[in-house]
Structures are given as structure tokens and as C-alpha cells.
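Hi,

Here is the structure I promised to pass on. Have a look, and then read my notes below.

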Amino acid sequence: LGNGGSTLHVLQCLEEQYGDQWTSFTVLLIHSGGYSQRLPNASALGKIFTALPLGDPIYQMLELKLAMYIDFPRHMKPGVLITCSDDIELYSTGVTETIRFDKPGFTALAHPSDLAVGTTHGVFVLDPASFSGKGGLEYASCYRFLHKPDVETMQQSGAVCVRGDHPQLSSCGTHGDSGMASECVYTDSVFYIDHSTAKQLLMFYKQIGTLGCEIDAYGDFLQALGPGATPDYTKNTRNVSKEDSGLVEVRQQLYSLLQGTALNVIVLNNSQFYHIGTTQEYLFHFTAESKLRFELDLQPVAFSIFPDTAKTLDELSIMQSVLEPGCVVGPGSVIEYSRIGPEVSVGKGSIVSGSYINFHVDIPSDCFLSSVSVKINDRVEYVTMVFSVGDDLKKSVKSLSDIHSLQFFGVSLPDCLDLWSVEASDQLFSSEDSRLGLWTARIFPVCSTLSESVRMSLNMLNSVQHMSAFKLSGFQLLSVEEMLTYKDVEDMLKFRKQIYDEICLQRRKEKSDF
């Protein structure tokens, strides 16, 4: 469905459950995270439940979202506030300034960003007559919305503001070098739809019956808005993850429906937008000297049992985990919901999630390791995915003759398959269509215990790193795609609860010792 299709579906669910009453509600709608191919430790449970190194017991992204938006409903007319689950908006406004969502049509928050950020987000072309660039908060109207535009498009369409004109834009262009720092664009994050527009969208959804394509709530809704909107974008499928039949047609119908609807923009000149939807961003914001880490006071160790001997490192992020004395964790690594035994060393810049490691092993640097409980034929079993944090899980090729271009930890996939005694055939990939990639490659062994599944997957990685054979024959092998089909969320939560209980017990003991 895409996040646009799921938005329409949710509106229908609200109506089915509440009848006409739903049009008097103020609704917070969070897209809880799709496949999450760029941050696969969030794939099984959804990005909105991403743990944050904060709080005791730890907060998840959901709590942070609720805390950030807590003041909104007070100044909001009935309607729907739409947000992603992997972004964080921090802003400050003057004492008398209020964010109000009370106008008809769409209302979006806008943040000053440098041009490079603009190329991967939505960018507002603001009506210059409605906007001065002064103060912390300003209401403007949007002439046109650009979806992931290139720099040239931003410049030609009048989206680029020069900071010299707006001395107040203190946060604008802070990422660029001093020469470029004067230029910025206003990028999107959260947006609001008033109830009559939401009703129109629901009518549209009922009318088309079944969606046969992915709709993007940002690109496909917002690009139709503002007086400068043109239908050109409906034919551009450059940014689409799955090109489906009927996409162009549905976009054209949405364009006709929404054309002429207002796009109001609340410009937050003193704000910062953070995205933690990729392994790189996740590691940076949780372990490095990031501004977000400083602003939210993210902790190196949050709600965990951690040996005193290792407390010196600040460049870490340990969340709801039990680490035994003797284990070593390299700088820049994140460990969540895991048990790490005394003979384990984790390299630099690695991610370990949902794992139990009770044997002697050196986990290399830049390693991504995440375990999933699966239910197959009513039996709970375990699979652990392992990759390099830089591996591209979104990349796919059409035919077997091209799979040499797929890289697993810097080694071409066919070379890995040879080491594992796995045959490269059509059966190797789980996708219906010809999308052959790391996401759909059936290479991860199913095991009867969690620690055994971690051991086997690390053996696979070890064989690739040392170019030594490790036979996977005899195992049932799953792709990441299949792990999500068979996932057993209850069992994964049970493991987290055991860690939680153990930490609580340890806390009580420590208290009674004093």
C-alpha cells in the first residue's frame, strides 16, 4: 500500500469503528515503519518501537513522539496529524508563539536545512509575500511542494533562501562549509489534514475499491497542493520502490481530487530535523558526538546490567541488555535487547540486536547482527541475520547472471555461496517477482535455540572473512523477507521481558545491599 495507502486504510478503519463521530476527532497517525530495509533491527517490530538510550526503563520512539507533540492537540481542529516513525523534530519558539493546526486543507511543519538534506526530503517553495524569515515561528503559504528534488530544481523553482536576507535563521545551513552556509531550503516533516479534506480522501479510497500500487503520503498527497502544482510528477517513478500497474493513474486521480487545496506551512526557523532510519544515522546519533545525543541527553548505558570495569567508554549505546564481566564492546557500537557472555568481543561501529551470545567469539567491526524468532509449523525457532552495516539490502537485480554485483560484507554474493556450498538458482531467492537481492536471498540457517542461530550466522560471516568453507547444507535457510513472514513477535517480546525482569531484580538487589 505504501504509507499513503495505509493512511487511507486507517481513515476507513476509523469510520468503520466510529461512524460519523470520527470527523470530530483529533487523530495522531504514525506510520510505524515498513520493511525498514535500511535499519533491519526495526523490521520485525516496526520502527516506532525502536529503543532509545534514554529513560529507566527505556523509552521507545513512540514515547518520544508523544512527548514532542504533547502540546499540539490543544490548538488543533478536528483532523489528522501524520508523521513517520524514524524522525525527530526539535524546535524552540517564543513564549507567545503557538503551533496551531486550525486551517482548512493541509498544514505542514517546515525546517531550515541545507540543500543536500533537501535532495532526500520534501521541499517547500514558499510564497515570498507570505514569509519574512524572521522570528522563531511563522505562518506562510506554500506555492509548490517538491519531492526529493535535485539542487538545480530547487534553485530554478525558487525554493532556495539566502541566509543573508534572514539573519534570524541561526540553524540554517549549519551542516555545510562556511561558503555554502548562506543557502538553505525548508524541508518537511509532520503534516496535518483537516477533517473535511480527510473525508474527501476517504471518499476517494472507497471509490477506487482496491489499491494495486504503493502510494506515498508525502510525495503523492503534497505534490498536488499549492497554486504552482503541476501534474508532471504523476509520471515520474524515479523514487518508487515498487513500480506497479496503475500508479500513474491513481496519482492523476489524487491530483484532480486535491488540486487547489491549500498547503499552509508553519515555518520553524529555530528547529532541527533528525532522521534515524538508516544504520549509519542510527550509529551516528546514538554513539557519536551528535547534536541530537546532546539535546536529548542520550546515555551510553540505558537500563542495562553492565560490568563496572567497562564503564569508561562514552561512545557506546547499550539498551536493555545484560553484559557479563569480561566481554568487550568497541567504540561506536550499539547493543539492544541482548545478552552478551564473558568471552565475547564486539568490534567498532557494530549493531547487535535481540541476540544471546554465550560462547567465545570476536564479532568484527561494522557488523550488523539481529535475531528474529520465527514460527514454522507451529514450532518456535530462531534465525539471525548478519550483514555489514554498509550492505545495501534494497539493491536487487533481475537475473541470476547479475548477482555478482550484490555484495555481502564486501564480497560478491556468488563467492559467498561457494564458500557456504549453496547453489545459485531461482530457488535461492524468496521473491515472487524477479527481485534478487540480499533481502530475498535464502542464506540464513534456522536453528532450535537463539544462541545456536547466532553462532551459525557468525560462522557464515567468519567463513567469508577468512575465505574458508562453512557448509550450510542440512539447514533450512530463510531470507530476511521470509523471516518477517514467519516472525513470532510474542516470543521476541518474551525474550525482552526476561531481560527486563532480570534488570529489575538486579536493581532491587543493589538497593537492598545499601
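Which residues in α1 are buried? They are G4, G5, T7, L8, L11 and L14, where buried means under 20% relative accessible area with a 1.4 Å probe, protein chains only. Bear in mind that this is a predicted model: local features need pLDDT of at least 70, side-chain atom pairs count only at pLDDT 80 or more, and totals for chains, interfaces and linings use all residues. Residues are numbered from 1 along each chain as its sequence is written, and side-chain values use heavy atoms, with hydrogens and water left out.

Helix α1 covers residues 2–18 (helices are DSSP runs of H or I, at least four residues, and strands are runs of E, at least two, numbered from the N terminus). Its buried residues pack against β1 (26–30), β2 (79–83), α5 (195–208) and α6 (217–222), with contact meaning heavy atoms within 4.5 Å. Just after α1, G19 has a positive phi of about 65°.

Now the largest nonpolar core, which has 111 residues (a core is a set of buried Ala, Val, Leu, Ile, Met, Phe, Trp, Tyr and Cys residues joined through side-chain atoms within 4.5 Å). Helix α11 (residues 450–465) gives the largest share of this core, seven residues. Domain 1 (3–163 + 182–275) and domain 2 (300–503) both contribute residues, so the core lies between them; the domain bounds come from an automatic or database assignment. Another core, of 47 residues, lies apart from it and includes F106, F124, A229 and Y233.

Finally, T287 sits in helix α8 (residues 279–287) and counts as buried at 5% relative accessibility.

Cheers

Conventions. Buried means under 20% relative accessible area, exposed over 50%, partly exposed in between (1.4 Å probe, protein chains only). The expected span of a helix is 1.5 Å times one less than its number of residues.
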